[in-house]
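Below are a few friendly notes to read alongside the structure.

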Amino acid sequence: IQEQLKMKDQSLRKLQQEMDSLTFRNQQLAKRVELLQDELALSEARGKKNKKSVESSSHLSQEQKSVFNEDLQKKIEENERLHILFFEADEQHKRLEAELRSRLEVLEMDAAEHQAVVDSLTKKYTETIEKLQNDKAKLEIKSQTLEREAKDCRLRTEECQQQLKNLQAALGSRLEESLCIINEKVPFNDTRSTRYNALNVPLHNRRNQLKLRDLAGQAVAFVQELVTALLNFHTYTEQKVQIFPVDSATDTISPLNQKFSQYLHENASYVRPLEEGMLHLFESITEDTVTVLETTVKLKAFSEHLASYLGFLRKILPYQLKSLEEECESSLCTAALRARNMELHRDMKRLTAVFEKLHTYVSLLALPSTRPEGLLRTNYDFVFTNIAASLHGFHDILKDISKHYSQKAALEQEVPTATQKLITTNDCILSSVAALTNGAGKMASFFSNNLDHFTTSLSYGPKGGAEFISPLSAECMLQYKKKAAAYMKSLKKPCADSVPYEEALANRRVLLSSTESREGLAQQVQQSLEKIAKLEQEKEHWMLEAQLAKIKLEKENQKLKNSLTGHLTETIQERSVLPNTAEQKKEITEKSLKEPIKSTSLVRNLTLRVPIRVTNCRAPDVESREDLIKTHYMARIAELTSHLQLADSKSVHFHAECRALAKRLSLAEKSKESLTEELKLASQNITRLQASKLFCNDELMTTKRSYEDQLSMMSDHLCSMNETLTKQREEIDTLKMTSK
């Protein structure tokens, strides 16, 4: 404001200088005019005296006079213009002076207000100074008490050092035990990771589950009531379209109403699934499950059924609106009835919009069971409150529809062509709309009353975690919960008699170190099974060989019988038998020479070529020789099999012994590694305890230094407070100066 005053003063001085210059110029012009007037008077006097001379020079004087007149006229105009400028400048100066005086008054008022503020600040600062002085005295007393406490702390530190020495020994043993327990029992902390923590089973709240099941049962009852009311409403609306404004029994209705009634006839296929979806949702909520939005998979099916019903409403809405417009265009429709029809026209649009809102929020609630990133837990409260608001809006719209339908029914009864069938149909529609209104009101009040319970109970999760990560983790959690419940039930069963723990440990050591270990026995069993399979194969082979030999023998006997005649004597029969047997032996020997004799046994596969000399000898000598060879080879085979079994048993024994020694060696190495790790841990614990001792000493020194620093800080704080007081006083003085 002072700068503006300076600028205004400068402009005022400039204007005053201009005024002075203008007045000076006016004075000069006035003097010039006076001189010109004097000259004119002199010239007139001279003209009277010297008329003759004037007449001679009249032409010249007239020219001079015209020049003077022009000059005078210019001076007069310039003088007039200067007077106008002077008047305007004077008016501007007066206006500026009035503005500056009004501003000066405002500034004086502001200065008075500032002075009042300065006075209040001075009072305030004086009070603060007194308070700070009192605080200073209190802080001095406190510093003295702190010094006493510091002395007490020194004494306590000495006692704490003594207690620390006593506690170090106890803590060392506890530390070893706790480290062993942590290493054995806690491989990792799953609560730190949200992925693993989501698999933990939360605390089971049976009361909460029973409450949710009760609420789901109530919701099922309300939905069933709404479904029956909607079915009745659509069915009676179809009947109404068939009756009014044109009765289908007497005349054909319009194609629009025919299509509308055809669509309305399909209402049950869209409305009934709502009840079924709600029943499935109610059945999925049991006492044993954990009911959250991530586990309520059946809510997705209910959302899909609601979407199909919303599609049905969208499909019939244009036909319903056109049917109302067609009814308004009929000759039976009065102005009041037309107004009611237009109100119902708007109400049907609002009803479809409300169902769209409900479907949107229900589909949002179904997202956590399929895509959890689609809806965050922070938005659950928002979605539930919007559902409650939509249900209340649904109730309000149904009340309006009931009101307008009742008015429309009353007006339609006054129509002269109204039949008893139309009146009963209107009554049925009104009753269905009233049932819808009551059901919607119950549903809205039920949802708003239990809104807090829904938001809290449907959003809890595992301990230490905020939420379930995905529906898969929630499903895994439910499986773990079932397993845990089965395990708890199994714990309630009486345990069978078991081996004592110490005896079991001893048996385990024996089992690990003995030759008859489980693995060795399993290998022995496997080898014995393989041998049995081989023997079975050999048995089958020799059985087949024996059958082939029997078949050959039978064939040879038949040949002999066919070759013999009944009329030959016994001698001839004997003579004929001997060459035949010789020929048979020859064939057998030839075959044996051609084919090698294979003998499979436990030792190895023996391939023997036995050369047999065929001699013309008797049959008993040949049979005895074959028996001797057979007995020799059978004895040899038995001896070799016994040697083989002995070697196999020795090899198995040595193999088991080697395996046991290898296991003992591995166990010894593992124990050695564990002992080295324990030794390292013990050395680390010793260094840690020494470091903790040094740390405690450092803490004692730091506490002592902190007390000293606090005292120094208090003194510095007092000095800073004094400095702030001086600064505040200086600011008060400057404010006073500025206000002046």
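**Notes on the core and surface**

1. Let me start with Phe394: apart from neighbours within four places in sequence, Phe394 is in contact with Leu226, Leu351, Val354, Phe355 and Ala440. Contact here is heavy atoms within 4.5 Å. This is a predicted model, where local features need pLDDT of at least 70, side-chain atom pairs count only at pLDDT 80 or more, and totals for chains, interfaces and linings use all residues. Residues are numbered from 1 along each chain as its sequence is written, and side-chain values use heavy atoms, leaving out hydrogens and water.

2. The largest nonpolar core has 64 residues, and those touching the most other members are Tyr309, Leu351, Phe355, Phe394, Ile401, Tyr405 and Phe447. Such a core is a set of buried Ala, Val, Leu, Ile, Met, Phe, Trp, Tyr and Cys residues joined through side-chain atoms within 4.5 Å; buried means under 20% relative accessible area, exposed over 50%, partly exposed in between (1.4 Å probe, protein chains only). H5 gives the largest share of this core, twelve residues.

3. A second, separate core of five residues includes Ile243, Phe244, Cys333 and Leu337.

4. Do look at His234, in helix H5 (residues 206-243); helices are DSSP runs of H or I, at least four residues, numbered from the N terminus. His234 counts as buried because its relative accessibility is 4%. Beyond neighbours within four places in sequence, His234 contacts Leu264, Asn267, Val271, Tyr309, Phe312, Leu313 and Ile316.

5. Finally, Met488 lies in helix H13 (residues 471-492) and is partly exposed, at a relative accessible area of 49%.

Key: Helix = DSSP H or I, 4+ residues; strand = E, 2+ residues; numbered from the N terminus.
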